[in-house]
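Me: I have a sequence and a model to go through. Can we take it in short questions and answers?

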Amino acid sequence: MHGRLKVKTSEEQAEAKRLEREQKLKLYQSATQAVFQKRQAGELDESVLELTSQILGANPDFATLWNCRREVLQQLEAQKSPEELASLVKAELVFLESCLRVNPKSYGTWHHRCWLLGRLPEPNWARELELCARFLEVDERNFHCWDYRRFVATQAAVPPAEELAFTDSLITRNFSNYSSWHYRSCLLPQLHPQPDSGPQGRLPESVLLKELELVQNAFFTDPNDQSAWFYHRWLLGRADPQDALRCLHVSRDEACLTISFSRPLLVGSGTETLLLMADESPLVVEWRTPDGRNRPSHVWLCDLPAGSLSDQLPQHTFRVIWTAGDAQKECVLFKGRQEAWCRDSATDEQLFRCELSVEKSTVLQSELKSCKELQELEPENKWCLLTIILLMRALDPLLYEKETLQYFQTLKAVDPMRAAYLDDLRSKFLLENSVLKMEYAEVRVLHLAHKDLTMLCHLEQLLLVTHLDLSHNRLRALPPALAALRCLMVLQANDNSIKSLDGVANLPQLRELSLYNNCLQQAAVLQSLASCPRLVFLDLQGNPLCQEAGISEHLAKLLPSVNSILT
């Protein structure tokens, strides 16, 4: 605006523009009304194509009108000669291209082009690939065009190597082309299929190293662009755990069998099927989740018939067969024993190091070194800091625990807007490490106090825990998933910010619950404790609800089996 006079719009000019808009609106409305009248009357002729062209040429996102054009074209297919039909299709393709110039991200236009080419006996796929290239030059992040290109490449059987070369050219021109990086993640597994690679499509080490070199060039060139970092994370891969029954637990007291799985599943209703054998005889049981919600869950349980736990026999053998996962597990309950279990070892290789996993640790070490070098140059690069944390988790979560916590502290200072997410991720890693340490020590007691936890996860791994200390953290709830702790007897959750006790409602063995200095405000939240038949000790000191009049009498009526209630 420097050196330019500001021209004010006169009242006459404003009025002229208003009249022009009104005129366009009238034409738009009259053309739309005419199309609908002809469609209702079944007059699907070329005049409908002309009318819809007037509207779609200005507004390509009128989906109903694209449906009208398809109805007209289908009817004309039976009426026109091959030469006339070819001319009509050519004109339609030209019209579609003009609509895409008006709005290159029009869902209806791209869909109509797919439909049209799918009906041609010999489409010119080379022309369509060239069209995609032209539109991607204008906007390389137009995911509508990328979707269309994948459709064309599939229909034309374009070799994946050619498409990979196309992504090379775009990435070389602009490292920030996320769509090209994503397309590479689809093409490389096709070019280098690996047996038992799973849905993530693991790559051979030689290919992996070349891709890592390419992506390193990208984030050293522009460290703050997230596209290359996301692709880098995909390269390092996620090894999906194999289907397995992690733990099988039998309780004589509860006449209950509980089993945990490597992934959430929904049992029954024609989905996943579990077969339970007791002493080699099948048992018909009803499976349910610990929290009673019967949604996909890692943990399922069932009540055992009385005859399956007879004291007359020296032992009982229980075996669960997961038919879909082709896995099974069994345990033996001996006479005079109240419980029995069989579980997998919760080693880091099996459970937690699959977050980022490459077969050769030397590759991970090299990546960690490169990222640390970049972090020295770019100390406030959040993507680099997060990748360093994930790499250390993949290499050795226990060895790098202290250093990981330091990087989390730095990352929170650099990226305060995601502090809550980072706190939850940090909590997840700390709980994983605690589970590993507990497993290595072969104990059923887990101490998670003073860890600044903001969330609880992997609770399906704590099926056998009897004592859990969650005190002095930043927890706001005891979640429903806590019901997976079927053996839990003592739960300490003092000095948190807990407002909800949903997860306590289904803990059959709970005897002691300590919740002093939390944020429980109404006695109604304690209703869930009524379903804990073995609870004998409850400490609620320091909670706002303790200020309610008559709270002690209310708790005594609500929990008559509790011997000691501290308020």
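Me: Is cysteine 457 buried or exposed?
Reply: First, the ground rules. This is a predicted model, where local features need pLDDT of at least 70, side-chain atom pairs count only at pLDDT 80 or more, and totals for chains, interfaces and linings use all residues. Residues are numbered from 1 along each chain as its sequence is written, and side-chain values use heavy atoms, with hydrogens and water left out. Buried means under 20% relative accessible area, exposed over 50%, partly exposed in between (1.4 Å probe, protein chains only); cysteine 457 has 13%, so cysteine 457 is buried.

Me: How many disulfides does the count give?
Reply: A disulfide is a pair of cysteine sulfur atoms within 2.5 Å. By that rule, the number of disulfides is 0.

Me: Which cysteine sulfur is nearest to that of cysteine 342?
Reply: Cysteine 342 is partly exposed, at 27% relative accessibility. Cysteine 342 is in no disulfide. The nearest cysteine sulfur is 6.8 Å away and belongs to cysteine 331.

Me: Which residue stands opposite cysteine 342 in β8?
Reply: Strands here are DSSP runs (E, at least two residues), and helices are DSSP runs too (H or I, at least four), numbered from the N terminus. Two strands pair if DSSP finds at least two bridges between them. β1 (residues 245–251) and β8 run antiparallel, joined by 5 bridges. Opposite cysteine 342 stands leucine 248.

Me: Which strands stand at the edges of the open sheet?
Reply: The sheet has 4 strands, in the order β5-β2-β1-β8, with antiparallel pairing. An edge strand has a single partner, so one side is left without a neighbour in the sheet. The edges are β5 (297–303) and β8 (339–343).

Me: How is helix α11 oriented against α12, roughly parallel or roughly antiparallel?
Reply: Axes are lines fitted to C-alpha atoms, for helices over the stretch in contact, and angles run from 0 to 180 degrees between N-to-C directions. α11 (residues 226–236) and α12 (residues 361–377) pack at about 160°, with axes 12 Å apart. Angles under 35 degrees count as roughly parallel, over 145 as roughly antiparallel, 65 to 115 as roughly perpendicular and the rest as oblique. So α11 is, relative to α12, roughly antiparallel.

Me: What is the phi of aspartate 279?
Reply: Most residues other than glycine have a negative phi. Aspartate 279 lies in the loop between β3 (274–278) and β4 (281–283), and is partly exposed at 33% relative accessible area. Although aspartate 279 is not a glycine, its phi is positive, about 55°.
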